[in-house]
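Dear colleague,

I am handing over the structure that follows, and my notes on it come after. Please read them alongside the coordinates.

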Amino acid sequence: MKTAERPDALVAPVPRKSMRRRLARSLIATTPSPRRAARTKAVITYVVLGIGAVFLLIPFAWLLSTSLKSQQQVFVFPIQWIPHPIVWSNYSQVFQTSPFARYLINTCILTVVGVIGSLTGSSIAAYAFARIRFRGRGAMFAVMVATLMVPPWTVIIPTYIFFGKIGWLNTYLPILVPAFFATPFNTFLMRQFFLTVPVEMEEAAKVDGAPRWRIFLTVLLPLAKPAIIMVSIFGFFYYWNDFLLPLIYLQSGSLYPISVGVANYASSQSQNYPLLMAASMISLIPPLAMFFGFQRWLIQGVVVSGVKG
Amino acid sequence: MAKLSKLERREEIAGYLWVSPWLIGFLIFTALPLLASLLLGLTDWNGVGALHWVGLANYRKIFTADPLFWQSMKVTGIFAVLYLPLSLVLGFGLAMLMNQPLKGMRLLRTIYYVPSVLSGVAVSVLWAFIFNRDYGVLDWLLGLVHVPAVPWLTSSFWVVPALVVMQLWGVGGSMIIYLGGLQSVPTELYEAATVDGAGWWRRLLTVTLPMTSPTILFNLILGLIGTFQVFTQAYIITQGGPNYASLFYALNIYNTAFQDLRLGYASALATILFAITVIVSAAVFRWSRAWVYYAGRKETPA
């Protein structure tokens, strides 16, 4: 098919949608056996994606399988994917050989407070950017978007010195206090969502004389549930995985979250792969559960910030 | 200054109050630290005692007499050159394959997406074992197809490619973003192109790529900046070795600041990182004007 021979296509009136569809279908129909071509395409798609999926799943299978082996079974080749016997005791051993329960509790505290902080700070600031008129709003928003790009590594040293000077080293404060100050990413996400909520409902409440904070809490926030869920999920992953801040700010083992705990465990048990894999598995289960519970929201959040941001 | 009515003034005050969680956070945790980092970079402070001004001596040393700085730039650069194109092509290709109305796509999408949301220490510990030369699964798999074992983590040639492979395990993350971009392309455009006789390749070049170019740009910038933040993998798996072959930029800052306590010198390194980020972002934006197409975005349904 040659486009060059159809100059009229450029000036011809655009056919209606239904007509265009029929036209397109008739064009496809002229190619030899379209059904077979479609089937070949589907088969190729499945084969390529299937092979890729197997490769992506191997690390998980390897993790699970090793975590249930004895030390000797690790060295057996060809690999025993289903260990015989299955050594369930590796998991209890992890808790006996290190304060893993403590690490888990600490991580939960950091994650819960961190997520609450992210939600509070970012939703309040996002409300200002989306709903209140004040001088400098545009400029502030531009600055905020620009700071999305600032790598944390550029500010970590002065921040560390500052928290050291005010005596916050070896506490959770340097990790949790900043959580309550709106981060650019969360604020941006929240603001974008607030903008899609029609103002009429707030207007009605305003006419009734309700104060701003009550309108925010009772009208806007309940409508912003998707944004709240997204910020919470991103926050969960961030605080659950965070390694750098606990690494530099915390010195006592009793304060360690699971990230630093697993890192220390890895250096103390460097040759005991089954125990190491069991420890990794334990710290990956909550994020995995979160993923499967909220996959839809996670994808939506990533797409909103990635495609429309 | 224009006079404001009482109502407008109240709105102003409310605005500043409500925006304060961001504004105060920005000042305390971004603006002031950036300034402080700039100033600290002009000292040789090591955490105790008085600040001793050294002018540009740190920068002179970094650029002329610090092999570790150049090594970290090289490692970070090689990683970016390997990882970014691979993640773009793989992520985009996967997204195109998944963007078909076939059965089972939801399941496949989930499988591809899972690894990308997992990160941090546990994943690094897992991959350190996957790469293990004697008992690791990767060399065992290569052995099945008669490829000799690769010394992934013990060779200064293979260690960065190994970390690229590990990073590509999470390629589903960029795939999801591209998939969102592909799905926001109006189907009318494809129909029109088909009517005009455009084949698969032409549709890709004239419809798909232009319409998704803002998404590609966004991913590219994020990926580039992300490369300068690679830390946990290198810290846990290789500690920058063997022989500094995986000394990433962020790891070099960490070692200088928190192992050697050369806080002044490390601040100069951090300031250079900030300058690089600004320059790279500006350059990519400028360069993107030639190929990023924004006009179509207003027509896409939200």
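**Helix pairs in chain B**

Helices α9(B) and α10(B) are roughly antiparallel to each other, a term used for angles over 145 degrees, whereas angles under 35 degrees count as roughly parallel, 65 to 115 as roughly perpendicular and the rest as oblique. This is a predicted model, in which local features need pLDDT of at least 70 and side-chain atom pairs count only at pLDDT 80 or more, while totals for chains, interfaces and linings use all residues. Residues are numbered from 1 along each chain as its sequence is written, and chains are lettered from A and ligands numbered from 1 in the order in which they are written.

The axes of α9 (residues 187-195) and α10 (residues 200-227) of chain B come within 10 Å and cross at roughly 165°; axes are lines fitted to C-alpha atoms, for helices over the stretch in contact, with angles from 0 to 180 degrees between N-to-C directions. Helices are DSSP runs (H or I, at least four residues), numbered from the N terminus. The crossing of α9(B) and α10(B) is right-handed, that is, the near helix is turned clockwise from the far one by less than a right angle, and anticlockwise if left-handed. From α9(B), B:L189, B:Y190 and B:A193 meet B:R203, B:T206, B:V207 and B:M211 of α10(B), where contact requires C-beta atoms, placed from the backbone, to lie within 7 Å.

In the second pair, α12 (residues 249-259) and α13 (residues 263-288) of chain B have axes that come within 8 Å and cross at roughly 160°, which makes α12(B) roughly antiparallel to α13(B). The crossing of α12(B) and α13(B) is left-handed.

**Contact between the chains**

Chain A contributes 79 residues to the contact and chain B contributes 74 residues. On the side of chain A that touches chain B, helix α16 (residues 273-308) of chain A gives the most, with 15 residues.

**Domains and confidence in chain A**

Chain A is divided into domain 1 (15-56) and domain 2 (92-308), with bounds from an automatic or database domain assignment. Taken over C-alpha atoms, the centres of domain 1 and domain 2 of chain A are separated by 42 Å.

The mean pLDDT (the predictor's confidence in each residue, from 0 to 100) of chain A is 83, and 87% of its residues reach 70 or more. Over residues 1-15 of chain A, however, the pLDDT is below 50, and beyond near neighbours in sequence this stretch has 7 contacts in the model. Where pLDDT is low, the predicted coordinates should not be read in detail.

With best regards

Terms used. Two residues are in contact if their C-beta atoms, placed from the backbone, lie within 7 Å. Helices (H or I, at least four residues) and strands (E, at least two) are DSSP runs, numbered from the N terminus.
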